[in-house]
Amino acid sequence: MNKNILKLIMVFFAIVAFNACSEDDEIQFTAQTPPDQISFTNDFLGEYLLSEQTAQNNAERFTWESPDFGIPTPITYQLEGSADFEFTAPELLAETSNLQASITVAQLLSLAEAAGLDNDEATENPDTGDLYFRVRALIGSENAENSPETLSEVTTLTVTLIATGGPEPLPVFPNLYFVGNATAADWNNDNNNFPLVRDPENENVFTYTGKFLGGDTNEFKLIENRGAWQPQWGLQDGSFETSEDLGGDPGPFQITDGEGYYTLEVDTENKTSSLIAFDEASSEAYASIGIIGFGTTGSDQGWNQDINMTQSTFDPHVWYISEIELFDGEVKFRAEDDWDVANWGSNTEFSGFGSLGGPNIPSSAGTYEVWFNDLTGNYMLISLQ
């Protein structure tokens, strides 16, 4: 009997010891404050020109690297701006889980006002000054006790408020982008696709020559803003119409003559359009296309080496660069790193009908998305700011 009691006691203590060990062996993650600050990864302009006329435009897109808190956890980023370097009264400009955020001209104007800047010639306040920015990364809620976080170094942007009677900013015109299963965009309205090229002499006329898929079910429409369905353009009783005028969505264009190359031209003022087959039989895409010139580097060295573009998988005649910094200067497009193969130029800055051997294309400092069509020489430089 005594032996049995002793065995039971030993089993009891073994169970207790096992449970204690199990509780102690539970895995616990402890977040650590990253040893290094996060850093902005985008380049900034030397000066940002601000005006009320462009208040709704994007002024800058900040990008940064992800910090390592030592555990797998969601991170919240807060982009902050300030009128002073010490961030006495920081302003929350954006809160996101992404590694980027854009700010508008209106947000810069608000910070500029807090910094005592104005464009009133009757006051002694300066119209040029510095604004300060940082990004904060944290896990958990902002008020959580002992929640690790890290701050970037402070970045300074110089802004100038355009004075009354001073130079007017360039007008901002809407672009038109394809959406539909007859195009490279398919029905994704947030696509990275060649926009239609605006006629430099008529801001209401757009054109595009390229590949379309044919068949009874292959269609497309046009939208003005990537990621937004409204406003959209299409065909309604043979007229080129916008959803804003109709109070509803117009019908699509249809490619009924089969897959091939077509030239589309639309007029947003006169509400006309044409879609005409384009003879592409004798045209072969080049092996490579690059952008070259003083405007790519800000020096004459830019004429020595092409910055290669990416070829579209949908249409081999279409080439693009998703993001590139350009400088005040001139550029051209060149085929296969050889002037003797082919090069295109134009006397129009942001969009144009490039011509073989044409004059250099003027470029302005900024960050751009660039598109080029080696079938027609058409190009687009879309500002990302």
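Start by selecting Glu259: this residue is exposed, because its relative accessible area is 55% (exposed means over 50% relative accessible area, buried under 20%, partly exposed in between, with a 1.4 Å probe and protein chains only). You are looking at a predicted model, where local features need pLDDT of at least 70, side-chain atom pairs count only at pLDDT 80 or more, and totals for chains, interfaces and linings use all residues. Residues are numbered from 1 along each chain as its sequence is written, and side-chain values use heavy atoms, with hydrogens and water left out.

**Stop 1: salt bridges**

Lys211 sits in strand S11 (residues 202-212) and Glu259 in the loop between strand S15 (253-254) and strand S16 (260-267), so the contact ties together parts 48 residues apart in sequence. Helices (H or I, at least four residues) and strands (E, at least two) are DSSP runs, numbered from the N terminus.

Next, select Lys271 and Glu241. This salt bridge has its closest N and O atoms 3.4 Å apart. It links distant parts of the chain, 30 residues apart: Lys271 is in the loop between S16 and strand S17 (272-277), while Glu241 is in strand S14 (residues 239-242). Glu241 counts as buried, at 15% relative accessibility.

Now move to Asp306 and Arg334, whose side chains form a salt bridge at 2.4 Å, N to O. Here the partners are 28 residues apart, with Asp306 in the loop between helix H4 (294-297) and strand S19 (307-308), and Arg334 in strand S22. Is Asp306 buried or exposed? Asp306 is buried, with a relative accessible area of 10%, and Arg334 is buried as well, at 7%. The salt-bridge count comes to 6.

**Stop 2: a charged patch**

Select Glu336, Asp337, Asp338 and Asp340, which form a negative surface patch. Patches are made of residues with over 30% relative accessible area and no salt bridge, with like charges joined within 9 Å and nonpolar side chains (Val, Leu, Ile, Met, Phe, Trp, Tyr) within 5 Å. Asp340 is in the loop between strand S22 (329-335) and strand S23 (343-345), and counts as exposed at 75% relative accessibility. Glu336 is in the loop between S22 and S23 and is partly exposed, at 32%. Check the backbone of Glu336 too: phi is near 55°, a positive value in a residue other than glycine.

**Stop 3: the open sheet**

Show the 5 strands of the open sheet, in the order S20-S21-S27-S28-S24, with antiparallel pairing (two strands pair if DSSP finds at least two bridges between them). The edge strands, each pairing on one side only, are S20 (310-311) and S24 (351-353). Within the sheet, S27 (residues 366-373) and S28 (residues 378-383) pair over 5 bridges. Which residue in S28 is the bridge partner of Tyr368? Select Ser383 to see that partner.

**Stop 4: backbone details in loops**

Go to Pro231, in the loop between strand S12 (219-223) and strand S13 (232-236). The peptide bond from Gln230 to Pro231 is cis, with omega near -5°. Finish at Asp186, in the loop between strand S9 (177-179) and strand S10 (197-199), where phi is positive at about 55° although Asp186 is not a glycine.

Key:
Areas by Shrake-Rupley, 256 points an atom, 1.4 Å probe, with all protein chains shown as cover. Salt bridge = Lys/Arg side-chain N within 4 Å of Asp/Glu carboxyl O. Lys, Arg positive; Asp, Glu negative; His and termini not counted. Charge placed at Lys NZ, Arg CZ, Asp CG, Glu CD.
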